[in-house]
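These are my notebook entries on a structure I went through piece by piece. I wrote down what I looked up in the order in which I looked it up.

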Amino acid sequence: MKKALLITLGVIVFLLVALAVAPFLFKDKIRAAVDEQLAKNINGKVWYDADRFSLTVFSHFPNLTVSIGGIGLVSNAEQFKGDTLFTADEFKLELNLMSVITGSQMDIKGVYLVKPMIVTLVDTSGVMSWSTLTFPDTTSAPTPEDTSASTLSLKIEKWKITDALIIYDDKTMPVYAKMVNFNHEGSGDINADVYDLDTYTNIEKTFVKFAGVTYLNNQTIEAKAKMNINMKESKYTFMDNQFAINDFKFGFDGSLAMPADSSMVYDITYAAKETGFKNLLSLVPAVYTKDYDKIKTDGTLAFNGYVKGIMKGNQLPGFGLTLLVKDGTLQYPDLPSGVKNVTIDLTVDDKDGVLDHIVVDLKKFHLDMGNMPMDARLHSVGIDPIDLDANLLTKINLEEITKVFPVEGTQVKGMLSADIKAKGKYSDSLKLMPVVDGLFSIDNGYVKSKEFPLPLEQVFLTTTVQSPGDMVNTVIHLSRFHMLLDNEKFEANAKVQNLENIRYEATIKGIIDLAKMTKIYPIANTTLTGRINADITTKGVMSDVEAGHYQNTATSGTMSIDKLTYAATDFKQGASINQAKFSFTPDKMNIENMSGFAGKSDYVVNGFFANYMGYVFGGKDSTLRGVLNYSGKKLDVNEWMTEDETPATTDTAASTMAVVEVPKNLDFTFLANVTDVLYTNLDLQNFAGGVLIKDGILKLHDLNFQTLGGKFNIDMAYNTQNMKDPKYAMDLNIQQLSFKEAYKTFNTVKKLAAVSKNIEGKMDMQLLASGSLDQGMNPIYNTMNGHGVLNIPSAQLANSKVLDGLASVTKTKELSPLSLNNVKVNFTIVDGSVILDPFDVNAGDIKMNISGKNKLEGDMDYLVKMDVPTGALGTAAGDALSNLTGTKISAPKSVKMNLNVTGTVDNPKVRLGSTSASSDGEENKPVAEKAKEAAKTEIKNQLDNNAEVQKAKAELEAKEKEQEEQLKKQAQDEIEKKAKSLFKF
């Protein structure tokens with residue numbers, strides 16, 4: 001008995017040890033399989049923490065659990081390059097242990113994600129970020145001949161997602177959704193033809209915004225769903241399920257089928273699970289988050305609807321819903337009054353799914369807020385045109401609101417009235433307008449917040465809308481807006497007539513103190529201070545604005561800003577305007593000495609914007625034109641770049657960027673003068689030059705600065721007229737730049753002249769070049785064409801493997817270090833290859849002539865012609881040269897050799913070339929000259945902007961001169977006035 005027990009214990013211990021050790025035996029195999037499938041099946045950059053790759057059999061015994069920590073995915077697709085689509089603190093795969101031990105294909109039984117972030121993006125063309133990735137096809141088994149079959153097989157039976165952040169951003173609709181603390185788990189044999197799927201989902205906060213309207217604002221969502229799935233028929237049948245948004249619970253019945261014709265067949269009904277009015281109230285964020293559990297409510301609720309029919313292409317299924325609320329009441333604890341007699345009778349019906357057939361019928365909406373009633377009714381048919389019959393009628397004493405809803409620390413007074421009726425068809429595209437008679441007003445409004453001791457008072461607002469049933473005679477009139485804050489008055493009025501060709505007039509006058517206003521009406525996560533004083537009048541007809549006939553319009557006035565500051569959680573750098581003054585004419589907005597800070601960067605700006613009204617209102621000419629003169633002591637560009645845009649070298653700054661489109665509706669000249677500009681790892685001093693934006697092209701003109709001990713002068717163009725093929729052109733002049741600093745800082749120098757890292761000394765360079773950029777804003781080197789000149793006054797090339805190769809072949813010692821004195825190198829760039837014209841270099845008594853080319857990818861092909869004196873080299877050198885040349889050399893004065901240098905700078909190959917080979921570069925000249933002329937033409941076309949700059953400068957100088965003359969005249973008048981008073985007897 002004892003022996004049997006010991007044997008049994010021994011077997012158990014052996015099995016436990018085997019189970020503990022087994023993962024280590026298969027770790028490399030499994031990790032290789034994971035790496036293989038990630039590389040093979042996902043078109044993106046995948047990373048994970050190799051130190052957190054582990055295996056165990058104890059987490060999901062008897063299966064093997066693979067854990068991968070710190071995993072993430074960044075898209076490589078053109079549309080989403082650099083976008084992070086997925087990260088997770090931990091990603092676990094549950095594998096069938098026997099499939100790992102016995103087979104080449106490993107079965108995945110479960111998938112588990114801990115704290116993942118999953119991002120789905122849809123661009124304006126409708127391409128989805130995840131559709132640009134490729135994944136293994138698990139719908140069919142591989143054939144025996146298929147040698148590329150996956151080593152991982154998806155036979156998932158369960159899955160779990162814990163504490164996820166999910167983001168969906170669709171630019172086509174547009175819709176944005178965010179789910180915080182998303183938890184989900186499910187189970188089911190997904191490899192079976194017919195199976196039941198059980199899932200549970202809980203989302204702590206859900207935010208949904210569609211077409212600018214927020215539909216869900218941090219609501220809690222819970223879903224328990226059981227479905228029967230028939231894979232052969234592609235049919236999904238709802239069984240036992242319940243969905244809840246906050247406390248509003250509803251369920252689904254019916255089915256969804258997806259036949260082979262790419263359609264979706266709906267046969268679904270849904271209805272509320274609970275019938276209390278309070279459940280509906282939980283959908284209102286303000287109500288749900290404030291003492292929701294203590295609110296006294298009564299009343300009944302009925303909510304149900306359907307989705308039936310086929311969805312395919314533009315065809316939608318029929319749909320409808322009904323919402324009935326009867327005898328609803330709502331009263332907060334500790335408040336004297338409440339909302340009562342809530343009645344809602346709403347149906348939405350579209351039986352065939354054609355949106356122009358949709359019927360919205362709000363037969364009744366009524367509530368009493370204390371003793372104040374509110375009534376509304378709406379019946380509408382269609383979308384465009386929409387045939388409506390609606391009215392809203394209410395009169396509310398605002399002070400009563402604080403008796404119904406908790407508004408802590410705020411007093412509200414005044415009367416709010418609304419009486420709006422509309423009947424008839426409305427369509428902007430068809431120029432249809434219903435009969436409208438509307439009035440909205442606030443009389444003697446008053447708001448006082450505990451955050452600010454003085455009230456916003458004497459608030460009067462009166463707006464009317466009148467239409468006899470056509471757009472031409474429609475009038476919208478803000479006849480009065482008045483408010484008083486701390487004895488500072490602000491007033492405005494406006495009138496719009498004829499919606500087919502809008503005739504407008506508006507006046508604003510007064511002071512707004514932003515700090516005081518935001519204490520009364522706080523803006524979440526935002527700090528805003530400063531004073532705005534405006535006195536502006538405008539009047540005109542939109543057709544004149546659209547045609548640019550500003551002489552027929554009238555706009556005049558001024559606006560000043562004093563000590564404005566702005567900061568927010570999504571704008572941490574902050575910005576301020578110490579002082580600014582704007583003046584307005586029909587065609588220009590003038591900026592006079594605006595100064596302040598943008599983050600750490602100070603600025604002083606003056607200039608003007610022209611055609612600002614056409615730009616704002618979308619006129620026929622909607623191009624905003626302007627000239628700004630900008631100066632400052634410091635401009636820190638780095639604080640405006642995201643963390644993943646801060647590179648080790650300047651040329652890689654664009655590596656995480658996407659193509660930035662230059663707006664085609666800007667015609668703008670920016671004249672800059674900044675003492676110190678910080679950009680990535682560069683400190684640019686005395687930065688001055690012009691920036692021009694026009695027709696989708698950004699140009700830098702006569703840009704001068706000093707950095708890395710050198711002086712730079714740049715003309716450059718960045719062309720985004722074709723966003724799929726952005727282009728650049730540059731005219732670059734550099735003086736006294738260190739070779740090693742240039743190599744360390746600029747990737748382009750590494751490509752053009754990799755040997756720079758071995759040169760001590762400085763250079764002067766001129767470069768004209770043009771080419772295309774990829775979608776990450778990086779140069780596509782095989783499209784680069786241009787020419788240039790490199791001047792080396794004095795430098796030394798040392799520790800170079802190329803020199804070592806030449807010395808080894810020629811048996812000479814004078815080559816390293818190689819002195820480069822007064823060397824001039826002319827070069828041409830043709831489709832990414834740098835072609836060097838022949839140039840001379842002396843190494844002591846050795847004369848060298850160098851020519852050839854290197855590709856920007858690194859490969860080189862140079863011809864080095866050497867004239868080596870032999871008299872002083874001795875017998876050994878003579879014997880070596882005899883062996884190299886194949887000719888007995890007794891004692892000549894010198895030996896001429898042609899050496900071919902190929903390979904790369906770090907791995908050169910040097911061999912003796914044929915003396916008959918072309919060595920003067922003539923074979924390159926026709927190509928080089930042709931490329932040089934083509935480059936000149938292209939770069940001239942891109943950089944031709946002198947006339948534009950001079951015109952912009954002239955406009956600005958004329959404006960400044962006019963202001964200067966006015967100041968002089970004022971000063972002279974003042975002097976004469978004082979002089980007259982002095983000489984009075």
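In which loop is the place of Asp-334? I looked this up in what is a predicted model, and found Asp-334 in the loop between E13 and E14. Most residues other than glycine have a negative phi, and most peptide bonds are trans. I also noted that Asp-334 counts as exposed because its relative accessibility is 78%, and the cut-off for exposed is over 50%.

**Entry: further backbone points**

I then turned to Asn-593, which is not a glycine either and yet has a positive phi of about 50°. Asn-593 has its place in strand E27, which covers residues 588-598, and with a relative accessibility of 52% it counts as exposed. For the peptide bonds I recorded the one from Asp-384 to Pro-385, which is cis, with omega near 5°. Pro-385 is found in the loop between strand E16 (372-381) and strand E17 (386-397).

**Entry: the chain as a whole**

I stepped back to the protein chain, in which I noted 14 helices and 42 strands. Of its 985 residues, 41% are buried. Taking the contacts in the chain with a separation of 6 or more, I noted that 54% of them join residues 24 or more positions apart.

**Entry: the second largest pocket**

I next looked at the second largest pocket, which holds about 1,400 Å³ of space. Its lining is made up of 20 residues, and those that lie nearest its centre are Tyr-215, Phe-250, Phe-252, Tyr-270 and Leu-321. Two or more lining residues come from each of strand E9 (235-245), strand E10 (248-257), strand E12 (296-311), strand E13 (318-331) and strand E14 (339-350).

Which element gives the most to the lining of this second largest pocket? I found that E13 does, with 4 residues. Sorted by class, the lining of the second largest pocket has 19 nonpolar residues and 1 polar residue, while charged residues are absent.

**Entry: aromatic rings**

Phe-250, Phe-252 and Tyr-270 came up again in my notes on the rings, where they belong to one aromatic cluster together with Phe-238, Phe-243, Phe-248 and Phe-303. The structure holds 20 aromatic pairs. One that I looked at is formed by Phe-248 and Phe-250, whose ring centres are 5.9 Å apart and whose planes stand at 40°, so the pair is tilted. Both of these residues are buried, and for Phe-248 I noted a relative accessible area of 5%.

Phe-248 also forms an aromatic pair with Phe-303, and this pair is edge-to-face, at 5.2 Å centre to centre with 70° between the planes. Because Phe-248 lies in strand E10 and Phe-303 in strand E12, the pair ties together parts that are 55 residues apart in sequence. Phe-303, at 17% relative accessibility, counts as buried.

Lys-278 lies over the face of Tyr-292, at 4.9 Å from the ring centre, and Lys-588 lies over the face of Phe-608, at 4.0 Å from the ring centre.

**Entry: Thr-269**

What is Thr-269 in contact with, leaving aside its neighbours within four places in sequence? I listed Gly-251, Phe-252, Asp-253, Gly-305, Tyr-306 and Lys-308. Thr-269 itself is found in strand E11, residues 264-272. With Asp-253, Thr-269 has a C-alpha to C-alpha distance of 5.3 Å, although the two are 16 residues apart in sequence. At 33% relative accessibility, Thr-269 counts as partly exposed.

**Entry: the enclosed space**

The largest cavity has a volume of about 40 Å³, and I found Met-483, Leu-485, Glu-488, Ile-511, Ile-512 and Asp-513 lining it. Strand E21 (475-485) and strand E23 (503-513) each supply at least two residues of this lining, with E23 giving the most, 3 residues. By class, the lining of the largest cavity has 4 nonpolar and 2 charged residues, and no polar ones.

Definitions and conventions
Residues numbered from 1 in each chain as written. Predicted model: local features only at pLDDT ≥ 70, side-chain atom pairs only at ≥ 80, totals over all residues. Heavy atoms only, no water. 1 Å grid on protein atoms, 1.4 Å probe; cavity = no way out; pocket = protein on both sides within 12 Å on 5 of 7 lines; lining within 4 Å. Points joined across faces, edges and corners; volume = space filled by probe spheres on them. Nonpolar A, V, L, I, M, F, W, Y, C, P; charged D, E, K, R; others polar. Buried < 20%, exposed > 50% of the residue type's maximum accessible area, 1.4 Å probe, protein only. Contact = heavy atoms within 4.5 Å. Phe/Tyr/Trp six-rings, centres within 6.5 Å; stacked < 30°, edge-to-face > 60°. Lys NZ or Arg CZ within 6 Å of the ring centre and 35° of its normal.
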